[in-house]
Amino acid sequence: MGTMTFGGKGDFAKVGSTDVDEARRQIGMCLDAGINLVDTADVYSEGASEEILGEVLSGRRDDVLLATKVRFPVGPGPNDAGLSRHHVVRGCEASLRRLRTDHIDLYQLHEWDGLTPLEETLEALDLLVRAGKVRYVGVSNFAGWQLMKALGTAERTGLPQFVSEQIYYSLQARDAEYELVPAAVDQGLGVLVWSPLAGGLLSGKYRRDRQAPEGSRQLTDWDEPPVYDRDKLYDTVEVLVSIGESRGGSAAQVALAWLLGRPAVTSVIVGARTSAQLADNLAAADLRLDDDERRRLDEVSAPPLLYPYWHQAKTARDRLSPADLTLLGPHLA
């Protein structure tokens, strides 16, 4: 479960607002449904998300794995952002206080920092792991080369190895399939998907030649994720709606079920403004798409093969690894 909406303040809360009572209801629904990982970040609602989560998990902390993140600015000072030893350690200690816990199960670097040496960041994470404040470490929003550099640096220095990457990946934009998904397969990383419904674009509410829902911000002043091809988006949504209707479910459930069956995907992070939205999302865990439904979704949303992938599909098909085939496999028939 994702908690970006908890608190509803700041740039990271434009998707909505969830107060303490609603957050408590949603956490209860997730625990009842068997969800065992809750994800937040120090910048969500300017720290309010972590505070609310700490309150609603009181007495139930051991029932979940708790994940949070560090990297983005939490103040106006020059040391209030980035992945320096100073910011990482101080950020972790502040998150622990807000979350009312003595440890974070998965501490994630929220974004790449090209100005801080990786060795310094990894040494800070090592301090936190050795102190028992952090159990495992992961990354989020890294490019493929950045991820591999981080993994290589950790192996070379004997510092903590990353166990997961949290990435944007959906039927709206399958860019992660070029490098990040193959890297996860090759390196044995878990993949946590943020915004699996593309910020609501795949919910079925946004369709060609139809008025967007009142109060909606997607495709207007909220541009994350960006949409570069609206026609392709609307074509994808039509297939989602069609499959959802034939299954007696929603377009959102179909989009989530598609992701849950993709290579390397460990889990999708769902977040909702209301309990009704959350209940609809949770039902996706029981939806199993057949081969034809997957083929329709794959075809309507397929990304083009960029270089060097189109060249490899033509000339290297005799020597491809399982990681290579996550992208190139469908193009070899």
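How much space lies in the second largest pocket? The second largest pocket holds about 710 Å³ of space. The structure is a predicted model, in which local features need pLDDT of at least 70, side-chain atom pairs count only at pLDDT 80 or more, and totals for chains, interfaces and linings use all residues. Residues are numbered from 1 along each chain as its sequence is written, and side-chain values use heavy atoms, with hydrogens and water left out.

**Figure 1. The second largest pocket and its lining.** A pocket is an open set of points on a 1 Å grid over the protein atoms alone, where a 1.4 Å probe fits and protein lies on both sides within 12 Å along at least five of seven lines; lining residues have an atom within 4 Å of a point. The volume is the space filled by probe spheres set on the points. The lining comprises 27 residues, and those nearest the centre of the pocket are Tyr168, Ala173, Arg174, Asp175 and Ala176. Strand E5 (162-168) and helix H7 (230-247) each supply at least two lining residues; H7 gives the most, with three. Helices (H or I, at least four residues) and strands (E, at least two) are DSSP runs, numbered from the N terminus. By class, the lining divides into 17 nonpolar, four polar and six charged residues. Here Ala, Val, Leu, Ile, Met, Phe, Trp, Tyr, Cys and Pro count as nonpolar, Asp, Glu, Lys and Arg as charged, and the others, Gly among them, as polar.

**Figure 2. The open sheet of seven strands.** The strand order is E1-E2-E3-E4-E5-E6-E7, with parallel pairing. Two strands pair if DSSP finds at least two bridges between them. Strand E1 (37-39) and strand E7 (265-268) are the edge strands, each pairing on one side only. On average, neighbouring strands of this sheet are turned by 30° against each other, direction ignored.

**Figure 3. Strand E3 and its partner E2.** In strand E3 (residues 104-109), six of the six residues are buried, that is, under 20% relative accessible area with a 1.4 Å probe and protein chains only. Strand E2 (residues 65-70) runs parallel to E3 and is joined to E3 by four bridges. Alanine 67 stands opposite leucine 106, and threonine 68 opposite tyrosine 107. From E2 the chain passes through helix H3 (residues 85-99) to E3 in a right-handed β-α-β crossover; right-handed means that, with the strands pointing away from the viewer, the path from the first strand over the helix to the second runs clockwise.

**Figure 4. Strand E4 between E3 and E5.** Strand E4 is largely enclosed by the rest of the structure, because five of its seven residues are buried. E3 and E4 (residues 134-140) pair in the parallel sense over five bridges. Leucine 106 has tyrosine 136 as its bridge partner, while leucine 109 stands opposite valine 139. A right-handed β-α-β unit is made by E4, helix H5 (residues 144-157) and E5.

**Figure 5. Leucine 125 in helix H4.** Leucine 125 counts as buried because its relative accessibility is 0%. Leucine 125 and valine 89 are 36 residues apart in sequence and 7.7 Å apart in space, C-alpha to C-alpha.

Definitions and conventions. Buried means under 20% relative accessible area, exposed over 50%, partly exposed in between (1.4 Å probe, protein chains only). Axes are lines fitted to C-alpha atoms, for helices over the stretch in contact, and angles run from 0 to 180 degrees between N-to-C directions.
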